[in-house]
Amino acid sequence: MDGAQLACSMNMEALKMILDWLGQQSAVLVALIGFVTAIIVAKITSGLELKKMLCLKRVDAYEAARSQLMRMTNTYEVILACMAAINQDKDNATLGEKIFLLLTWFVQLERVLQQDGDLARIALYATELPRQDARELMGEEPRFIKVIRDIVEKIQRTSSIEEREVLEKDLKHEINRIAPLIQRELKHLYNMDDKLKKDMQKDKRLKILLG
């Protein structure tokens with residue numbers, strides 16, 4: 001073998017070694033790129049899942065708050081209807097039943113108000129909700145229930161038509177005293193519900209999730 005052939009043979013072997021090395025490096029490089037890509041995709045996917053989860057928690061908070069508002073407004077509406085029925089009552093035979101129904105709904109109101117945490121939780125997601133000082137109504141309700149129960153007991157114990165008429169008049173006076181406070185609270189709850197609906201409609205993150 002002359003010098004040129006030797007050089008050619010050496011070059012071919014060197015070239016083959018270089019190509020083999022590059023092939024190995026390419027495989028490592030592809031694997032490395034694939035690994036890095038997998039990490040990036042995992043992080044992006046994880047981020048999207050996190051955002052989706054947070055959006056779902058927002059939806060859950062809105063739904064829970066609006067459900068609580070619906071329970072409260074429905075209860076107050078029924079209470080006002082019971083009060084209206086008593087005020088309009090002209091048949092003493094059914095008055096006791098109407099008073100009992102009114103007191104039953106006040107018991108239901110107490111149960112509903114115990115679940116008021118849903119309205120507090122929405123404050124984390126919603127813009128500032130309408131505010132109202134409900135202390136007057138909250139203080140008036142126990143007094144009203146006590147007075148109504150006392151009146152009912154007196155009505156049941158007396159057979160005097162004159163005494164019953166006085167007691168019924170007192171009953172309607174108490175109803176007319178608290179009813180405006182309940183109507184004001186009911187209007188406030190309506191305003192809160194309207195505010196939540198508008199917030200949901202404007203929430204871009206919810207639009208992306210639901211769209």
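**View 1. Phe-106 is a buried residue**.
Phe-106 has a relative accessibility of 4%, so Phe-106 counts as buried. Buried means under 20% relative accessible area, exposed means over 50%, and partly exposed lies in between (1.4 Å probe, protein chains only). This is a predicted model: local features need pLDDT of at least 70, side-chain atom pairs count only at pLDDT 80 or more, and totals for chains, interfaces and linings use all residues. Residues are numbered from 1 along each chain as its sequence is written, and side-chain values use heavy atoms, with hydrogens and water left out.

**View 2. Phe-106 and Phe-144 pair their rings**.
Rings of Phe, Tyr and Trp (its six-membered ring) pair if their centres lie within 6.5 Å. Planes under 30 degrees apart count as stacked, over 60 as edge-to-face, and the rest as tilted. The count by this rule is 1 aromatic pair. The ring centres of Phe-106 and Phe-144 are 5.5 Å apart and the planes stand at 45°, so the pair is tilted. Phe-106 belongs to helix H2 and Phe-144 to helix H4, so the pair ties together parts 38 residues apart in sequence. Helices (H or I, at least four residues) and strands (E, at least two) are DSSP runs, numbered from the N terminus.

**View 3. Phe-144 and its contacts**.
How accessible is Phe-144? Phe-144 is buried, at a relative accessible area of 0%. Contact means heavy atoms within 4.5 Å. Not counting residues up to four places away in sequence, Phe-144 touches Met-83, Leu-102, Phe-106, Glu-174, Ile-175 and Ile-178.

**View 4. The largest nonpolar core has 39 residues**.
A nonpolar core is a set of buried Ala, Val, Leu, Ile, Met, Phe, Trp, Tyr and Cys residues joined through side-chain atoms within 4.5 Å. The members that touch the most other members are Met-83, Ile-99, Leu-102, Phe-106, Phe-144, Leu-171 and Ile-182. Four helices each supply at least two residues of this core: H1 (3–87), H2 (92–113), H4 (135–157) and H5 (161–202).

**View 5. Helix H4 and its buried residues**.
H4 has 23 residues. From its first C-alpha to its last, H4 reaches 34 Å, close to the 33 Å expected at 1.5 Å a residue. That expected span is 1.5 Å times one less than the number of residues in the helix. Which residues of H4 are buried? They are Leu-137, Glu-140, Glu-141, Phe-144, Ile-145, Ile-148, Ile-151, Val-152 and Ile-155.

**View 6. Glu-174 in helix H5**.
Glu-174 is buried, with a relative accessible area of 11%. Leaving aside neighbours within four places in sequence, Glu-174 is in contact with Arg-143, Phe-144, Val-147 and Ile-148. Glu-174 and Met-83 are 91 residues apart in sequence. Their C-alpha atoms are 10.0 Å apart.

**View 7. His-188 and Asn-191 both sit in helix H5**.
His-188 is buried, at a relative accessible area of 10%. Apart from neighbours within four places in sequence, His-188 is in contact with Pro-130, Arg-131 and Gln-132. Is Asn-191 buried, exposed or partly exposed? Asn-191 counts as partly exposed because its relative accessibility is 36%. From Asn-191 to Pro-130 there are 61 residues in sequence but 7.1 Å in space, C-alpha to C-alpha.

**View 8. Leu-129 in the loop between helix H3 (117–121) and H4**.
Leu-129 is buried, with a relative accessible area of 15%. With neighbours within four places in sequence left aside, Leu-129 is in contact with Ile-122, Met-192, Lys-195 and Leu-196. Leu-129 and Leu-196 are 67 residues apart in sequence and 8.0 Å apart in space, C-alpha to C-alpha.

**View 9. The protein chain, with 6 helices and 0 strands**.
Of the 211 residues of the protein chain, 28% count as buried. Among contacts with a separation of 6 or more, residues 24 or more positions apart account for 85%. The mean pLDDT (the predictor's confidence in each residue, from 0 to 100) is 76 for the protein chain, and 68% of its residues reach 70 or more. Confidence is highest in H5, at a mean of 90, and lowest in helix H6 (residues 204–210), at 62. Over residues 2–10 the pLDDT is below 50. Beyond near neighbours in sequence, this stretch has 1 contact in the model.
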